[in-house]
Amino acid sequence: MFISALSDYIKANAPMSNIPELLNLHHSNPLGLHPIVIPILLLVLAMAMRIIYFIIYKKERRNLYPLLYTLWWVTVAATYYYCFSGDLPLFEDDDLGRKEICIGWFCQSQVVGLGWSLVGVALLSFVAYSMFNVFLHIIAHQSDRMGLSEKQWREWNWIIVIMLLGASVAGIADNFIPITGVWIMIAYHVVVFLMALVKLVADTVRTRLFWRCLFSAVCFLVVFEAVTMLAIECIEGCIYLFLPIVGLFISADAHYKKKTHTAADAK
């Protein structure tokens with residue numbers, strides 16, 4: 001009964017719906033921001049995170065970790081605010097035969113033209129890549145403090161690979177069999193959630209630090225959903241440009257130089 005009702009809802013509302021549209025959850029943009037403001041802010045934040053990450057890694061300025069954490073959370077919060085805004089530009093959905101809210105309007109050639117849509121996909125990909133890369137560095141930092149080995153914290157990479165492949169397959173399916181694309185999206189959400197849960201349990205068993213492990217898992221799921229909302233629009237805008245970029249995403253890596261912990265680090 002539930003599956004049938006969900007299938008009917010999907011058919012009626014979204015061949016390749018984004019999460020806000022699928023859940024029918026939008027806000028009225030209480031800050032009154034122009035649609036282009038937050039995408040530009042996300043680009044600036046992504047560049048700032050890359051610079052801070054470079055300084056931490058190359059100059060070993062560990063005192064900048066709080067700033068990196070803050071920039072990352074601000075980026076994620078801004079992404080959610082933007083994606084759930086109800087007054088974003090509209091575009092004509094050929095499958096639905098009506099106009100709908102378009103999170104990635106700057107990736108849609110029918111909205112901004114082919115040239116700007118290609119620029120939009122490239123810049124959006126950079127933002128998503130930066131979010132993943134900084135997330136991996138934050139997880140590496142947290143995992144090292146919990147005593148996990150490099151091999152163990154890099155297990156998050158496999159979950160990210162599944163997420164990116166799932167989004168790509170869903171995007172391709174949407175171009176040919178729209179409803180199938182939505183079901184694939186739902187399926188890989190479930191798989192990623194279960195993988196994150198298994199990772200949480202495994203790390204808790206290894207470290208006996210449940211709350212820190214839970215923090216890492218929650219961070220992953222939060223950024224996973226944020227990047228998914230952006231990536232879906234990137235896929236719909238330029239599927240054939242996005243696919244090579246997925247390879248760049250999958251190669252997203254983080255480096256963390258271990259150090260001897262002091263009493264202050266253990267706190």
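Which elements are included in what covers the buried residues of H3? In this predicted model, the cover of those residues includes H4 and H6.

**Overall architecture**

The protein chain contains eleven helices and two strands. Read from the N terminus, its elements follow the order α-α-α-α-β-β-α-α-α-α-α-α-α. Of its 267 residues, 49% count as buried. Among contacts between residues at least 6 apart in sequence, 75% join residues at least 24 apart.

Helix H3 has 23 residues, and its first and last C-alpha atoms are 32 Å apart, close to the 33 Å expected at 1.5 Å a residue. The buried residues in H3 are Ile38, Pro39, Leu42, Leu45, Ala46, Met49, Ile52, Tyr53 and Ile56. An α-helix has 3.6 residues a turn, so residues three or four places apart point the same way. After H3 comes Glu60, which has a positive phi, near 55°.

Helix H4 covers residues 65-83. Its 19 residues should span 27 Å at 1.5 Å a residue, and the end C-alpha atoms are 27 Å apart, so the two values agree.

| Helix pair | Angle between axes | Distance between axes |
|---|---|---|
| H3 and H6 | about 40° | 9 Å |
| H4 and H6 | roughly 135° | within 11 Å |

H3 (residues 37-59) packs against H6 (residues 114-146) at about 40°, which makes H3 oblique to H6. The crossing of H3 past H6 is left-handed. On the H3 side, the contact is formed by Leu42, Leu43, Ala46, Met47, Met49, Arg50, Tyr53 and Ile56. On the H6 side, Leu123, Phe126, Val127, Tyr129, Ser130, Met131, Asn133, Val134 and His137 take part. By class, the residues of this contact are 13 nonpolar, three polar and one charged.

The axes of H4 and H6 cross at roughly 135°, and these helices are therefore oblique to each other. Their crossing is left-handed. From H4, the residues Tyr65, Leu68, Tyr69, Trp72, Thr75, Val76 and Thr79 meet Met131, Val134, Phe135, His137, Ile138, His141 and Gln142 of H6. The residues of this contact comprise nine nonpolar, five polar and no charged.

**Two residues of H6**

Phe126 lies in helix H6. Its relative accessibility is 29%, so Phe126 counts as partly exposed. Leaving aside residues up to four places away in sequence, Phe126 touches Leu43, Ala46, Met47 and Arg50. Phe126 and Ala46 are separated by 80 residues in sequence, yet their C-alpha atoms are 7.6 Å apart in space. Ala46 is among the buried residues of H3.

Is Ser143 buried or exposed? Ser143, also located in H6, has a relative accessible area of 2% and is therefore buried, the limit being under 20%. With residues up to four places away in sequence left out, Ser143 touches Leu148 and Trp153.

Key
Residues numbered from 1 in each chain as written. Predicted model: local features only at pLDDT ≥ 70, side-chain atom pairs only at ≥ 80, totals over all residues. Heavy atoms only, no water. Helix = DSSP H or I, 4+ residues; strand = E, 2+ residues; numbered from the N terminus. Expected span 1.5 Å × (residues − 1). Axes fitted to C-alpha atoms, helices over the stretch in contact; angles between N-to-C directions. Parallel < 35°, antiparallel > 145°, perpendicular 65-115°, else oblique. Left-handed = near helix turned anticlockwise from the far one by under 90°. Contact = heavy atoms within 4.5 Å. Nonpolar A, V, L, I, M, F, W, Y, C, P; charged D, E, K, R; others polar. Buried < 20%, exposed > 50% of the residue type's maximum accessible area, 1.4 Å probe, protein only.
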